Amino acid sequence: MNRNPSPPSSEVEEEEDAVGNTVYSKHWLFSILTRLIEVISPEKPEPIVSPEGIQMELDEEMEHDICKVWDMSMDEDVALFLQEFNAPDIFMGIFAKSKCPRLTEICVGILGNMACFQDICMSISKDENLGQVLLQRLCDTDSPTLLETSRLLLTCLSQPEVASIWVERIRENPSVYDCVCFIMSSSTNVELLVKVGEVVDKLFDLDEELMLNWIKNGSCPSVGPSVDDSPEELPDFKIVPCVLEAAKQVRSDNPEGLDVYMHILQLLTTVDEGIQAIVQVPDGGKETWSLLYDLVCHELCQPDDPPIIVQEQKTVLASILSVLSAMFASQTEQEYTKMRKSKLYFFFWFGDMPLIGSLIRILQYMEGCGKRAGDSSKESEQEETATADVNDKDFHLKILKDICCELLSNMLQELTKENTLEGLHQGHLNEQTCSCAFQNLLPLYFASVESFLEVLREADQTLADNLEKRFPSLKVHS
């Protein structure tokens, strides 16, 4: 007896409709893409429109559905499906025509998720038209869109296969500099500032030429092309004040963001032009020094913190001290005829002793970390070698120690009897702190220690004698 074939099971239909190995529906995703096309090419007028473009607001159902796509696009199978059906081209049309900030934000966000996958990122990056349109989003006035655009750029810059494409594209688009500086100097959105800072940090780390161009941009009027939705009448930004303003905004709410902006300043000091940009701003670098000085002396690695705090703050401290050291060294090379030595310039602003006290405290905390590590394995070695042990085990701590010692040695070498008496009176200098300083500075910075000891002998002969007994190598040369 013949029988008709059974109808296809719902399970088979679901498998054929599934996107890759996911449970997401191809038909549903395709319907959303179709609706997006209708948004930018409506068959009939939408109820809520702008005279300058397409609808200003998304209806609730459309926003809900496209947000689902945004979440789903973190899956590689979904991202590949969107790529196959030309979602980037659809989004580019939306960027060009839509005046709905929420729609633009979501579409940039979806692209950001798609760019997490190497092949798709390569495709997006090689599309010159899409690349230019995305860079224009940096001139948007909508903070959520700016955040998603920055996240997308950082994702692309973090992939070695395409990073150079974006660096070159940004280098050839001067308006990016103005838009980024505008964000850093005027935004109060901490999340946005952190992400933009990460983009700038990555750019400077990838390409010194671009960094030099941005440093020089502050000394000449902007020649970048105007963008319709860019901030009007942008001033001639200088990179250093913009970075400082952003750092001030994030310092209290986001330690990671502060770390990012301090690293940007550190990268600037790796070229002479960057150092000059820092010390030759209208205030002669005073604002930069003031911020970094305040962070070291009053915020980071404080007396009531446990020594282990230096592990948590080692990277931001290394960046800050590196910039301070570069500024100090630069000032020693410049002539201020009305002052005894230009290296005392900053001392006249703030006094040197609190900073010296903070540098020694950082070294003391590093010793504390070293002794804890030693106690957990075996008994610690002699006092003069305990610090070196922990530094060998931690690359970042070693960097911090090296930078800290360099700055401390330069500052100790410039102390006068009056400075030293002030330090003794304030408690920044005593036998314990001086011993810690000598222990870390010797033998590499012998000349600086010897010079300071001579000054100390004039201020406190007994303390100088005690230190000579603890460090016999100094007595031999005295």
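Among contacts in the chain between residues at least 6 apart in sequence, 76% join residues at least 24 apart, where contact means heavy atoms within 4.5 Å. This is a predicted model, in which local features need pLDDT of at least 70 and side-chain atom pairs count only at pLDDT 80 or more, while totals for chains, interfaces and linings use all residues. Residues are numbered from 1 along each chain as its sequence is written, and side-chain values use heavy atoms, with hydrogens and water left out.

The secondary structure of the chain comes to 27 helices and zero strands; helices (H or I, at least four residues) and strands (E, at least two) are DSSP runs, numbered from the N terminus. Of the 478 residues of the chain, 51% count as buried, a word used here for a relative accessible area under 20%, with exposed meaning over 50% and partly exposed in between (1.4 Å probe, protein chains only).

The largest nonpolar core has 151 residues, a nonpolar core being a set of buried Ala, Val, Leu, Ile, Met, Phe, Trp, Tyr and Cys residues joined through side-chain atoms within 4.5 Å. The residues with the most contacts inside this core are Met-184, Phe-204, Trp-214, Ile-239, Met-262, Leu-321 and Phe-438. Helix α18, which spans residues 309–332, gives the most to this core, with eleven residues. Ser-330 is also found in helix α18, and Ser-330 is buried, with a relative accessible area of 6%. When residues up to four places away in sequence are not counted, Ser-330 touches Ile-275, Gln-276 and Val-279.

Leaving aside its neighbours within four places in sequence, Ile-239 is in contact with Tyr-177, Cys-181, Met-184, Phe-204, Trp-214 and Ile-215. Helix α11 (residues 175–186) and helix α14 (residues 239–250) pack at an angle of about 35°, with their axes 7 Å apart; axes are lines fitted to C-alpha atoms, for helices over the stretch in contact, and angles run from 0 to 180 degrees between N-to-C directions. α11 passes α14 in a left-handed crossing, a crossing being left-handed if the near helix is turned anticlockwise from the far one by less than a right angle, and right-handed if clockwise. On the α11 side, Tyr-177, Cys-181, Met-184 and Ser-185 meet Ile-239, Cys-242, Val-243, Glu-245 and Ala-246 of α14. The residues of this contact divide into seven nonpolar, one polar and one charged, where Ala, Val, Leu, Ile, Met, Phe, Trp, Tyr, Cys and Pro count as nonpolar, Asp, Glu, Lys and Arg as charged, and the others, Gly among them, as polar.

α2 passes α4 in a right-handed crossing. Lys-26, Leu-29, Phe-30 and Leu-33 of α2 make the contact with Val-78, Phe-81 and Leu-82 of α4, and these residues divide into six nonpolar, no polar and one charged. His-27 is found in helix α2 as well, and His-27 is exposed, with a relative accessible area of 62%. The C-alpha atoms of His-27 and Asp-17 are separated by 6.8 Å, and the two residues are ten residues apart along the chain.

Several loop residues complete the picture. Asp-207 lies in the loop between α12 (190–206) and α13 (208–217) and is buried, with a relative accessible area of 14%. Leaving aside its neighbours within four places in sequence, Asp-207 is in contact with Val-167 and Arg-171.

Most residues other than glycine have a negative phi, and most peptide bonds are trans. Asn-86, in the loop between α4 and α5 (87–97), has a positive phi of about 60° although it is not a glycine, and Asn-86 is partly exposed, with a relative accessible area of 43%. Cys-301, in the loop between α17 (286–298) and α18, has a positive phi near 50°, and Cys-301 is buried, with a relative accessible area of 1%. A cis peptide bond, with omega about 0°, joins Leu-442 and Pro-443, and Pro-443 is found in the loop between α24 (431–441) and α25 (446–459).
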